[in-house]
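This report is for a reader who is meeting the structure for the first time. Please look over the sequence and the model before reading on.

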Amino acid sequence: MSAAEGPLVVGVDTSTQSTKALVVDAATGRVVASGQAPHTVSSGAGRESDPREWWDALGEALNQCGEAAHEAAAVSIGGQQHGLVTLDGRGEPVRPALLWNDVRSAPQARRLIDELGGAKAWAERTGSVPSASFTVTKWAWLAEHEPEAARAVKAVRLPHDYLTERLTGEGTTDRGDVSGTGWWASGTEEYDEGILARVGLDPALLPRVVRPGEVAGTVRDGHGLPFSKGTLVAAGTGDNAAAALGLGLRPGVPVMSLGTSGTVYAVSQRRPADPTGTVAGFADARGDWLPLACTLNCTLAVDRVAALLHLDREAVEPGTDATFLPFLDGERTPNLPHSSGLLYGLRHDTTAGQLLQAAYDGAVHSLLGALDLVLDADADPSAPLLLIGGGARGSAWQQTVRRLSGRPVQIPEAKELVALGAAAQAAGLLTGEDAAAVARRWNTAAGPVLDAVERDEATLNRITGVLSDAAPLLERDATSH
């Protein structure tokens, strides 16, 4: 390892499928070491993971970083949002965590919306209308279906909270991640005791919300990780808020993230409250807001279609009237939790490559449909769309987004933006800087810009029409028939 210009910091991304760790030079943003380790997610009706696997994966990822991790002066953890981690009195999981893409709590979401005054009231109260992804609905599901487990719970955490607490010994979270629970009031920035009472959750079981720039704690003894005792630990945040930090995002700049889930978001200085529920009114990790729309089906769904067709994921062909709605895991945007994939318009001359392109089109259509709602009046409609996430490197994803958006598309060269954002948050503890300013100093958003092309209105309108016509079928719960 060559000498660093400044102190070293560690940024962590504990995502759905794996945990990644970066050791970064706080002065320059140079990644001096990295590591990654997988964890498993259950299949079937639910999506669950054992939180202890995340801890083991964090240890393995840090060990791959070698001595650089031991030299780090500060660490921060970004993590998948919404997951319900339930702990007993010893800090051990009561049951596996219910993840963001577990949609079994859709009935609880509908009931909670009705019981607390409807969608508009929820949006005004929490900034968002809860869907099956939100933590509050998962807790309601647990209390209803596994009451003994719910009674055994002595602490409720989000995924990044769990890892941070194992490092520091203190139960903390941050405004960015807690804003996705459904039990945090965005207007007052406090836990909403009325909502907690409605779902039977004692506020004493919840972590303290650490303010932006505040130290969450220090690394304690006995953690078994290659950190020195007393290493500073930042608040951490949810993955999308961490990626926004990693880009050094300024208000009004649109982002599309292509991963297991797809998201579109932008930083805003206005507190969002979308009564339709399409846009989640999340807080960011700095003090502004992060209106965001999320789809459940993105790269994983399209890769599954490619595998079924025995094609490489880049083997797309143009020129089809077929429409593919790749809602393989149910869908959140549009809100169709019981839906499945739907193919319409198949002809004798339709090729496998055209079907694959239709799957890309269907996934991107869902994201672009929410983008105008995410961007507020101050946004520049001609600004390049920042394309990030695993899919952003793929030519088929780039060209589909370009064709269907009609906007220039910029692909930042920096990788692992969630972990980089967490590292910027850790660096801010040492330098006193705003974390987004740290990332801008590191020039993380730099990358090639693809010029705008004419927007493919015909394809967008065709998909919109099929989606509208198929809505009654897509809304049906197949398990009840």
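## Basis of the model

The structure is a predicted model, in which local features need pLDDT of at least 70 and side-chain atom pairs count only at pLDDT 80 or more, while totals for chains, interfaces and linings use all residues. Residues are numbered from 1 along each chain as its sequence is written, and side-chain values use heavy atoms, with hydrogens and water left out.

Helices (H or I, at least four residues) and strands (E, at least two) are DSSP runs, numbered from the N terminus.

## The largest pocket

Rolling a probe the size of a water molecule over the atoms shows where empty space is left. A pocket is an open set of points on a 1 Å grid over the protein atoms alone, where a 1.4 Å probe fits, with protein on both sides within 12 Å along at least five of seven lines; lining residues have an atom within 4 Å of a point. Grid points are joined across faces, edges and corners, and a volume is the space filled by probe spheres set on the points.

The largest pocket has a volume of about 1100 Å³. Its lining consists of 45 residues, and those closest to its centre are L258, G259, T260, G389 and G390. Elements that give two or more residues to this lining include strand 2 (18-25), helix 10 (239-246), strand 16 (255-258), strand 22 (385-388) and helix 14 (417-431). By class, the lining has 17 nonpolar, 19 polar and nine charged residues. Here Ala, Val, Leu, Ile, Met, Phe, Trp, Tyr, Cys and Pro count as nonpolar, Asp, Glu, Lys and Arg as charged, and the others, Gly among them, as polar.

## The second largest pocket

The second largest pocket holds about 540 Å³ of space. It is lined by 30 residues, and G277, R332, T333, P334 and N335 are the closest to its centre. Helix 3 (106-115), strand 19 and helix 12 (352-374) each supply at least two lining residues; helix 12 gives the most, with five. The lining has 17 nonpolar, ten polar and three charged residues.

Two of the residues closest to the centre of this pocket, T333 and P334, are joined by a cis peptide bond, with omega near 5°. P334 lies in the loop between strand 20 (323-325) and strand 21 (342-344).

## Nonpolar cores

A nonpolar core is a set of buried Ala, Val, Leu, Ile, Met, Phe, Trp, Tyr and Cys residues joined through side-chain atoms within 4.5 Å. Buried means under 20% relative accessible area, exposed over 50%, and partly exposed in between (1.4 Å probe, protein chains only).

The largest core has 62 residues, of which W139, W183, L201 and Y265 touch the most other members. Helix 14 gives the most to this core, with eight residues. Leaving out residues up to four places away in sequence, L201 touches W139, V156, W183, L196 and L206, where contact means heavy atoms within 4.5 Å. Another core lies apart from the largest one and has 35 residues, among them V10, A69, W100 and V233.

## Helix 10 and positive phi values

Helix 10 is mostly covered, with seven of its eight residues buried. These are N240, A241, A242, A243, A244, L245 and G246. G248 follows helix 10 and has a positive phi, near 60°.

Which residues other than glycine have a positive phi? One of them is H310, with phi near 60°, in the loop between helix 11 and strand 20. H310 is exposed, at 73% relative accessible area. Another is E416, with phi near 55°, in the loop between strand 23 (409-410) and helix 14. E416 is partly exposed, at 31%.

## Cysteines and S186

The whole structure has zero disulfides, a disulfide being a pair of cysteine sulfur atoms within 2.5 Å. For C294, the nearest cysteine sulfur is that of C298, 9.1 Å away. C294 is buried at 7% relative accessibility, and C65 is buried at 6%.

S186 sits in the loop between strand 10 (184-185) and strand 11 (190-191). Is S186 buried or exposed? S186 is buried, with a relative accessible area of 1%. Beyond its neighbours within four places in sequence, S186 is in contact with R125, T126, G127, R271 and W289. R175 is eleven residues from S186 in sequence and 9.0 Å away in space, C-alpha to C-alpha.
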